[in-house]
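Welcome, and take a moment to get your bearings before we start.

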Amino acid sequence: MEVLVTGGCGFIGAHIVRELSAAGFLVVVLDDLSSGHIESLGSSCDFSLYQADLRDAIEVESCFRQHMFQCVVHTGGLSLHGESVDDPESYYGANVIGSLNLLALCKQYEVPHFLFSSTCAIYGHPQQVPIREDHPLLPTNSYGRTKLAIEHALASYREAHGLNYLALRYFNTAGAHPGGDLGEDHEPETHLFPNAFRVALGQREQLTIHGRDFPTPDGTCIRDYVHVQDLARAHLLALRHLLNGGPSGSLNLGSGRGHSVLDVVRACEKACGKSIRIQEGPRRPGEVPVLVADIARIREWLHWTPERSDLDTIAADAWRYFARHPRGYKS
Ligand SMILES: NC(=O)c1ccc[n+]([C@@H]2O[C@H](COP(=O)([O-])OP(=O)(O)OC[C@H]3O[C@@H](n4cnc5c(N)ncnc54)[C@H](O)[C@@H]3O)[C@@H](O)[C@H]2O)c1
């Protein structure tokens, strides 16, 4: 059964590609390699790779013409919150126009199922924590707004054309494949675990903690970290759920537990056996003190449960990758 994974050369997409192909699906990858890495697919891979920009409907259609996809797993796009505030054109282009191109092709080529990489950023400032899926959707930046627009488009395609979909609202994704050959390689890197390990590797002098005056026990932000391997497994279960006729909708995908920035730093220090120098910096605009998912719905719908999403396992797996690839896939 053929499945298209957009953004399959990115951090999350590459883990999903590996999970789905290990489960026997024939995976085709579409990626423009703007931030992804061909190396993430592995040297012995037998995936078809289409290097195409989602915004270019003609290029993307050439891929649909040559395959009979049962599902599109759509992880491709832009995801830097701060950048999205300054450059909304790029975010609406890649995340909205690119996604609408894909949905139109799904209709034209009768692709029945769709999995979408959504985000907790669509909730904005949480009114209660843990956050349930029925929480008001009030994103505070263009990134979150573009993802919310596509959740609405999916609901419309469901109503009008019967497309079956799950929008998976990821919380903070971290860790690496336990094999040590697949992990995060972003430039610029904005995520906490890789930046902590860059300090441990001597590539940065110190890790900046953005705000120590939040109303949390240690004054730093609390986030919900989900292991990328747990997240990839959730996609396999989500695909089976749709293939078995399960309902469409939106699901939080997090660990259901909150950890502070300082908790993460301590877990990284334990994993690499080095101390990580920190410096205090100002809060980032729009940063909220606590973001934690209520994961009751995904547990119920997919029978999914986080298995590697405790901080020590996330840090140990991420460090295994960074110790082998200190400067990313090219090292
Ligand atoms: N990493 C997280 O914690 C997190 C949290 C919530 C949601 N998400 C979402 O998950 C998805 C994957 O995130 P990631 O961290 O793996 O990002 P990533 O940057 O590592 O991967 C994105 C991939 O999409 C490709 N891409 C970007 N624009 C494209 C375009 N116009 N056409 C074709 N390919 C394009 C990139 O080359 C890259 O391979 C994104 O949609 C992101 O919004 C990520």
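The paragraphs below go from the domains to the ligand and then to a few details of the backbone.

Keep in mind from the start that this is a predicted model. Domain 1 covers residues 2–173 together with 226–253, while domain 2 takes in 176–223 and 256–324. So each domain is built from two stretches of sequence, as the numbering of the bounds shows.

Now look at where the domains meet. On one side, 39 residues of domain 1 take part, and they are in contact with 34 residues of domain 2. Between them the two domains bury about 3100 Å², and 65% of this area is on carbon and sulfur atoms. Which residues of domain 1 lose the most area to domain 2? They are Phe11, Arg18 and His227, which together make up 19% of what the domain 1 side buries.

Next, let us visit the ligand. It is surrounded by 28 residues, and the closest of these are Ile12, Asp31, Tyr143, Lys147 and His186. By type, the shell around the ligand has nine nonpolar, 15 polar and four charged residues.

Serine 34 places a backbone N or O atom 3.1 Å from an oxygen atom of the ligand. For serine 35, a polar side-chain atom lies 2.9 Å from a ligand oxygen atom. Glycine 36 again uses the backbone, with an N or O atom 3.0 Å from an oxygen atom of the ligand. How much of the ligand does the protein bury? Taken alone, the ligand exposes 830 Å², and 95% of that is buried by the protein. Helix 1 (11–22), strand 5 (113–119) and helix 5 (142–161) are the elements that each give two or more residues to the shell. Of these, strand 5 provides the largest share, with three residues.

Finally, follow the backbone through some of the loops. In the loop between strand 2 (26–31) and strand 3 (48–51) you will find leucine 33. Leucine 33 is not a glycine, yet its phi is positive, at about 60°.

One joins valine 129 and proline 130, with omega about 0°, and proline 130 sits in the loop between strand 5 and helix 5. Another runs from glutamate 187 to proline 188, where omega is near 5°. Proline 188 belongs to the loop between strand 7 (172–174) and helix 6 (192–200).

Terms used:
Residues numbered from 1 in each chain as written. Predicted model: local features only at pLDDT ≥ 70, side-chain atom pairs only at ≥ 80, totals over all residues. Heavy atoms only, no water. Near = heavy atom within 4 Å. Polar contact = N/O pair within 3.5 Å; in protein donor to acceptor, adjacent residues only side chain to side chain. Areas by Shrake-Rupley, 256 points an atom, 1.4 Å probe, with all protein chains shown as cover. Helix = DSSP H or I, 4+ residues; strand = E, 2+ residues; numbered from the N terminus. Nonpolar A, V, L, I, M, F, W, Y, C, P; charged D, E, K, R; others polar. Contact = heavy atoms within 4.5 Å. Buried area = accessible area lost by both parts, 1.4 Å probe.
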